[in-house]
Each structure stands twice: as C-alpha cells, then as structure tokens.
Amino acid sequence: MRTRIIGQRFIELPSVDSTNKYAADLLAAGEAVHGTVILAHEQTQGRGQRGRTWLSAPGLDIATSVVLSLAEWPVADQFALSKVAALAVHDVVADAMRYHVDGGTGRVRIKWPNDILVDRKKVAGILIQNEVVGGSVKGVVIGIGLNVNNSDLDAGLNATSLRIEIGLPQDRMALLELLCQRLEHWLDAMLRQDPALDDRYRELLWSRERFAHFELDGAPMEGRPLDVDRSGRLLVETADGRVEAFGLDRLRFAER
Ligand code: BTN
C-alpha cells in the first residue's frame with residue numbers, strides 16, 4: 001500500500017460478519033494500530049445506518065473498515081470525521097468516473113450526512129463508530145461499503161455501482177489503495193484544521209442550494225440544504241427564507 005499510515009497494517013479476511021464489528025473488537029482489546037485497514041471479501045452481517053443491514057456482493061464489492069486512534073479530538077468536532085470519510089470516498093468514485101464517463105466527476109455528490117451518490121443513486125455508504133473517552137474521541141472505526149463490480153442491484157434500492165456507471169469491471173485493490181491515500185489526505189487536513197475540509201464538503205453537498213424534499217419530525221418539508229454546522233446538523237433554508245439547523249434525530253431526506 002503506497003501510503004504513510006493508513007493501510008500499513010492490512011487485514012484481509014475471506015469472510016466476516018461485519019468489518020466494523022471486527023474493528024471495534026480490535027479496538028476494545030487494545031490491539032488496533034492507528035491506520036489499520038480491514039477488508040472482507042464477503043460480509044455476512046454488514047451493518048448500515050439507522051440499524052439497517054448493508055449488503056455487499058461477495059468478491060465483487062468493497063466492505064472495509066479503517067481504525068484510527070486519535071490523540072485529542074474533541075467530541076464536539078466529531079462530524080469532521082464524517083467529512084473525511086465522505087470526501088475520501090467521493091474522490092475515489094469521481095476518479096474512477098473521470099476516465100470513462102463524460103462529465104462523470106460532476107455527477108458524484110455527498111448526500112448529508114455521508115452517502116455517496118452518482119446522480120440520484122447511492123454508490124457507497126459510510127458507518128462511523130467512535131469510542132469516546134471523557135470529552136475526546138479516541139478510537140474511530142470508519143466503515144465503508146462501496147458498490148464496485150456488482151451489476152445486479154435490486155431496483156428498489158435506488159443504488160448503483162461503479163461497474164454499472166462505467167460499463168467496465170473495476171480493480172478493487174487499486175480502488176482500496178486510492179481510498180487509503182485519500183483518507184490520509186483528508187485526515188491530515190482535519191488535523192491541521194485546514195478550511196479545505198469544510199469548503200470541499202460544502203461544495204459537494206447533494207442538492208446544495210436547490211430545493212429538496214425532506215421529512216421533518218415525520219412531516220413533509222421542502223428546503224434548500226446550504227451547509228452543515230460544527231456538530232454536523234444540516235443548515236436548511238426553508239421556503240420562507242429562514243435558515244435552520246436540523247440534526248438526524250429530526251430531519252431526513254424523503255424517500256422518493
Ligand atoms: C449505510 O447504511 O449507508 C452505511 C453502510 C456501511 C457499510 C459498511 S461495509 C463495511 C463496514 N462494515 C459494516 O458492517 N458496515 C460498514
């Protein structure tokens with residue numbers, strides 16, 4: 001792996017229930033080296049957001065978890081880790097699309113908080129689990145599921161894969177190496193407090209400054225996503241011109 005830290009320890013598993021669980025167990029046992037990457041060729045009980053399961057096609061997709069151990073990172077800033085992960089996955093997808101699809105790069109967006117879309121379809125999902133001690137995030141597990149070579153996705157899922165978008169099979173290990181490099185790049189930016197992290201995330205927000213359909217406390221709402229605040233709440237301009245911040249506990253994009 002041509003990286004400094006991320007992926008220097010690399011654990012490749014033929015099959016596991018969940019790479020996030022495997023990584024969390026390593027952390028709990030005090031055996032996780034900063035930058036450890038776990039890749040499973042088959043994941044039997046992949047975990048998704050909101051307690052859902054995540055399906056990846058054995059041998060075809062990427063199911064990976066990256067373990068970080070941070071020195072002093074305030075819990076109040078933990079959403080920065082979501083930005084790091086989302087931007088890294090965005091860069092991998094955009095890079096793959098760049099060579100093969102006209103205007104490909106511009107079609108890749110981050111749907112708040114951290115789904116990666118090509119146009120309106122989800123190509124990757126991210127699940128981050130933090131270990132908090134006192135007011136600091138210490139251990140981090142960044143779980144990433146990227147649909148790579150699966151070309152048989154359930155139409156009802158509103159999902160896509162790189163193979164579907166590009167029309168050619170992709171090299172999973174090359175994608176994983178780039179993913180590690182981009183994670184390293186954005187993690188460095190986060191630790192340096194480089195404003196590029198916030199700027200790029202804002203730029204790539206799906207539906208930014210365009211009206212989108214949401215559910216707020218279960219009721220339909222329309223608004224324009226503008227940015228996120230420090231804690232990761234989405235700043236939405238409502239139809240009457242007010243800008244309000246909403247967390248995932250209240251707001252979600254409407255399923256359409
Ligand atoms: C989502 O629901 O969008 C998040 C999906 C995250 C899936 C990945 S696959 C690798 C890692 N291990 C897991 O059990 N989940 C994450």
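Reader: What should I know before I start?

Author: The model is predicted, so local features need pLDDT of at least 70 and side-chain atom pairs count only at pLDDT 80 or more, while totals for chains, interfaces and linings use all residues. Residues are numbered from 1 along each chain as its sequence is written, and side-chain values use heavy atoms, with hydrogens and water left out.

Reader: How do I read two packed helices?

Author: Two packed helices are described by the angle between their axes and the distance between the axes. Helices here are DSSP runs (H or I, at least four residues; strands are E, at least two), numbered from the N terminus. Axes are lines fitted to C-alpha atoms, for helices over the stretch in contact, and angles run from 0 to 180 degrees between N-to-C directions. Take helix α2 (residues 79-98) and helix α4 (residues 172-191): they pack at about 140 degrees, with axes 8 Å apart. That makes α2 oblique to α4; under 35 degrees counts as roughly parallel, over 145 as roughly antiparallel, 65 to 115 as roughly perpendicular, and the rest as oblique.

Reader: Which residues of α2 and α4 meet?

Author: Contact means heavy atoms within 4.5 Å. Among them are A80, V84 and L87 in α2, and L175, W186 and M190 in α4. By class, this contact of α2 with α4 has 16 nonpolar, no polar and three charged residues. Ala, Val, Leu, Ile, Met, Phe, Trp, Tyr, Cys and Pro count as nonpolar, Asp, Glu, Lys and Arg as charged, and the others, Gly among them, as polar.

Reader: At what angle do α2 and α5 cross?

Author: The axes of α2 and α5 (residues 196-204) come within 10 Å and cross at roughly 60 degrees. That makes α2 oblique to α5.

Reader: Which residues come nearest the ligand?

Author: Of the 20 residues around the ligand (a heavy atom within 4 Å), S18, Q43, R47, Q49 and K122 come nearest. A polar side-chain atom of S18 lies 2.7 Å from a ligand oxygen atom. For Q43, a side-chain N or O atom is 2.9 Å from a nitrogen atom of the ligand. Q49 uses its backbone: an N or O atom there lies 2.7 Å from a ligand oxygen atom.

Key. Polar contact = N/O pair within 3.5 Å; in protein donor to acceptor, adjacent residues only side chain to side chain.
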